[in-house]
Amino acid sequence: MLQRLEDQIAELPDEIHSEIPVQEFQRRVRELMHFKLSAADLVHLQAASAAMQEFLSDPRNLEAIEQARSRLRSLREELAHRVGVSAPSLPSPVYSLDGDIHG
């Protein structure tokens with residue numbers, strides 16, 4: 001699904017591709033490629049894809065690309081929060097001395 005979104009972006013004419021919302025959308029897609037997505041996450045991707053399809057049919061419809069970008073942003077924030085909550089890490093010592101058995 002993420003590859004499909006990237007392909008949709010690639011279809012855009014160069015003058016539209018340089019628009020800030022489009023560039024931000026593309027950046028969000030690339031960021032999401034680093035996460036493991038669940039089946040539930042596909043709902044967000046499908047909504048973003050539908051909004052992107054609207055934008056492709058009418059590139060003047062910046063509201064559609066903003067809606068797609070917003071969907072991806074909320075998905076990315078949710079994924080980042082999930083990763084942060086599910087994988088707590090122990091604090092590491094600030095320093096350790098050679099031969100120190102406690103650190």
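Modeller: Happy to! Let's take helix 4, where the face turned away from the buried side carries the exposed residues Val43 and Ser57. Exposed means over 50% relative accessible area, buried means under 20%, and partly exposed lies in between (1.4 Å probe, protein chains only). Helices here are DSSP runs (H or I, at least four residues), numbered from the N terminus. Please keep in mind that this is a predicted model, where local features need pLDDT of at least 70 and side-chain atom pairs count only at pLDDT 80 or more, while totals for chains, interfaces and linings use all residues. Residues are numbered from 1 along each chain as its sequence is written, and side-chain values use heavy atoms, without hydrogens and water.

Helix 4 covers residues 41-57; its 17 residues should span 24 Å at 1.5 Å a residue, and the end C-alpha atoms, 25 Å apart, agree with that. The expected span is 1.5 Å times one less than the number of residues. Buried in helix 4 are Asp41, His44, Leu45, Ala48, Ser49, Ala51, Met52, Phe55 and Leu56. They lie on the same side of helix 4, because they cover an arc of only 165° around the axis, taken from the directions from the helix axis to the C-beta atoms.

Phe55, Phe25 and Leu72 have the most contacts inside the largest nonpolar core, which has 21 residues. Such a core is a set of buried Ala, Val, Leu, Ile, Met, Phe, Trp, Tyr and Cys residues joined through side-chain atoms within 4.5 Å. Helix 1 (2-10), helix 3, helix 4 and helix 5 (62-86) each give two or more residues to this core.
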